[in-house]
Amino acid sequence: MNYLSAENIGKNLGERWLFKNLTFGILQGEKVALIGSNGSGKSSMLNMIIGKADIDGGEISIRKDIRVGYLDQEPDFQAGKTVMETIFAIENSNTKAVKEYEDALLSGDDNRIANAIEQVDNLKAWDYETKVKQILGKLGIEYFDKLVGNLSGGQKKRVALARVLIEEPDFLILDEPTNHLDLDTIEWLEGYLSSANITLLLVTHDRYFLDKVCNRILELANSKVLKYAGSYAYYLEKKEEQEAVDAATQKNYRNLLRKELEWMRKQPKARGTKSQSRIDAFYDLKEKTVKRGPEEKLELSMKMERMGSKIMEIQHISKSFDDKKLISEFSYTFKRGDRIGIVGKNGMGKSTMLEILTEQLKPDMGRVVKGDTIKLGYYSQSGLDFDEGQRVIEVVREIAEYVKMADGNELSISNFLTLFLFPPAMQYSFVSKLSGGEKRRLQLLKILVQNPNFLILDEPTNDLDIATLNVLEDFLLNFGGCLLVVSHDRYFMDKLVDHLFVFEGDGYIRDYPGNYTDYRSWKEDKEEQEIAEKEKQAFLKSVSSKPAVVVSIEPKRKMNYKEQKEYENLAIEIEVLEKKKLILVEKMNAGEGSHEELASWAKEFEEISNTIEEKEFRWLELAEMA
């Protein structure tokens with residue numbers, strides 16, 4: 001069943017087309033990621049789909065009998081409303097009944113409570129209420145009486161996300177759902193969306209999230225939409241293959257163009273006798289050779305200020321706000337080459353720590369001692385302070401005319417901007433024309449051009465596209481100074497840091513030697529051990545008061561002949577099914593089938609995936625006996 005159809009749609013910005021003549025569709029049950037570089041038109045596309053922006057040509061249609069939920073990047077709430085009023089502004093009988101029940105409990109009116117209970121009973125809405133409370137609890141929403149206008153950016157995003165999930169739409173559209181969420185919340189949302197029986201279209205740059213949630217990728221690139229059936233990992237594999245083919249094709253085009261150019265230049269007086277079809281073919285060929293190839297990647301190795309033996313010492317610092325303890329007696333001595341990530345739930349004090357280290361905030365006690373040779377580069381969440389009337393190149397030229405490279409050479413600011421994915425045509429654009437992600441990239445560039453030897457980055461991945469994230473990761477991997485980073489991007493953290501400061505609450509900061517995945521594994525093991533110990537103690541307590549009983553433990557059962565054969569055959573069956581699955585993926589990616597065939601293939605793909613999962617589970621059961 002087709003939920004969304006887009007036929008030959010385009011978006012005209014006046015001076016240029018953002019994209020043109022794009023056609024694609026989304027089927028029921030598909031979880032689709034819309035990806036592309038900053039400025040390629042992802043948010044514009046979502047706004048066109050939900051009717052917030054005009055379509056310049058073509059048509060978008062959404063199935064009429066389905067409910068659509070939309071999460072905006074910048075949620076817009078009605079002024080003067082509380083969090084509870086905003087969340088339950090959804091007009092359906094379940095939400096009205098649950099809201100009345102919650103309000104009745106707060107009022108303490110027994111008659112009102114009894115009537116509210118009866119209403120929820122009649123609607124059988126108790127499960128709905130449990131689900132609502134689960135969503136609110138997992139998103140950490142407890143400030144029901146606060147006005148939404150007084151919430152932080154992160155709190156607003158949580159409220160907007162709770163509202164759209166509670167609506168239970170058939171078709172869910174999410175624009176950057178993980179921005180401003182902490183890691184625990186992102187992991188919960190990842191599990192919720194991957195298991196929920198919904199159709200999903202989302203824009204996100206979180207690569208772990210993409211790979212675990214989505215089963216289809218739409219990429220906006222070079223004003224076209226490229227379609228890939230499968231996970232994000234499969235998309236990367238196919239994209240690499242396609243770029244290799246494109247590079248070879250471009251080389252052939254250039255060789256042919258060289259020959260045709262010689263023909264075109266021969267004897268101008270004979271131009272009238274030339275074949276018009278060959279002249280037309282020449283200009284077509286010329287257009288093909290000037291098209292962009294694979295996206296450029298930043299490869300910078302910049303000169304760093306000399307770093308002495310003394311770097312930075314944190315000496316017993318503490319900080320509280322309104323009786324809430326954020327940091328308590330924390331100490332650390334930074335070493336040369338430290339690469340440290342800071343993680344923890346929102347509101348725990350991560351940004352507060354960075355503000356203390358950069359002397360923007362004083363601790364209640366303790367102090368920070370910085371070495372004489374240390375030159376800080378601080379990228380903050382609120383650092384996008386530009387003169388919108390300036391041109392891009394002017395923003396950086398205010399700091400320096402040249403950039404010193406590690407090999408001793410100097411690079412002009414124009415060339416530096418080009419390496420940082422701001423091509424010459426874009427360098428003389430006004431800052432006001434840049435997308436949010438492009439402004440963040442420019443802010444990062446402003447910091448790097450000063451050649452710091454200690455980088456402090458607060459959520460640098462917000463609003464950056466995947467190409468820029470890869471660029472930033474490559475740069476930071478080669479950075480020779482100290483790195484301290486706060487990020488909710490797990491892939492980014494795993495790739496760059498080997499040490500964590502974990503904010504666990506009530507001012508306690510755990511100094512953990514490892515990356516984020518290491519820490520999560522350690523934490524899960526620790527929680528399992530604690531649960532096992534509690535169960536053991538409860539069991540010992542229960543049996544200590546009873547007379548002793550002799551317990552016979554049956555030996556572990558071995559496989560019989562029939563189970564042995566089943567065990568051997570399962571491995572073969574799984575391999576055959578995996579091959580069928582790959583064939584279906586190739587068919588869907590070819591883009592040659594009708595809507596009916598695509599729907600049939602998608603259904604068969606899902607059935608095979610479920611069968612593989614069942615057989616793998618049975619194989620594991622038998623493997624235990626083996």
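**Exercise 1. Give the strand order and the edge strands of the open sheet of 3 strands.**

Step 1. The order is β2-β1-β4, with antiparallel pairing. Strands here are DSSP runs of E, at least two residues, and helices are runs of H or I, at least four residues, both numbered from the N terminus. Two strands pair if DSSP finds at least two bridges between them.

Step 2. β2 (17-27) and β4 (59-62) each pair on one side only, which makes them the edge strands.

Step 3. Strand β1 (residues 2-12) runs antiparallel to β4, and 4 bridges join them. Ser5 has Ser61 in β4 as its bridge partner.

This is a predicted model: local features need pLDDT of at least 70, side-chain atom pairs count only at pLDDT 80 or more, and totals for chains, interfaces and linings use all residues. Residues are numbered from 1 along each chain as its sequence is written, and side-chain values use heavy atoms, with hydrogens and water left out.

**Exercise 2. Which salt bridges does Glu473 form, and is Glu473 buried or exposed?**

Step 1. A salt bridge is a side-chain nitrogen of Lys or Arg within 4 Å of a carboxyl oxygen of Asp or Glu. The structure holds 25 of them.

Step 2. Glu473 bridges to Arg207, with the closest N and O atoms 2.5 Å apart. Glu473 sits in helix α16 (residues 466-477) and Arg207 in helix α8 (residues 207-213), 266 residues apart.

Step 3. Glu473 also meets Lys495, at 3.4 Å from N to O. Lys495 lies in helix α17 (residues 490-496), so this pair ties together parts 22 residues apart in sequence.

Step 4. Check burial: buried means under 20% relative accessible area, exposed over 50%, partly exposed in between (1.4 Å probe, protein chains only). Glu473 is buried at 0%. Arg207 is buried at 5%. Lys495 is partly exposed at 33%.
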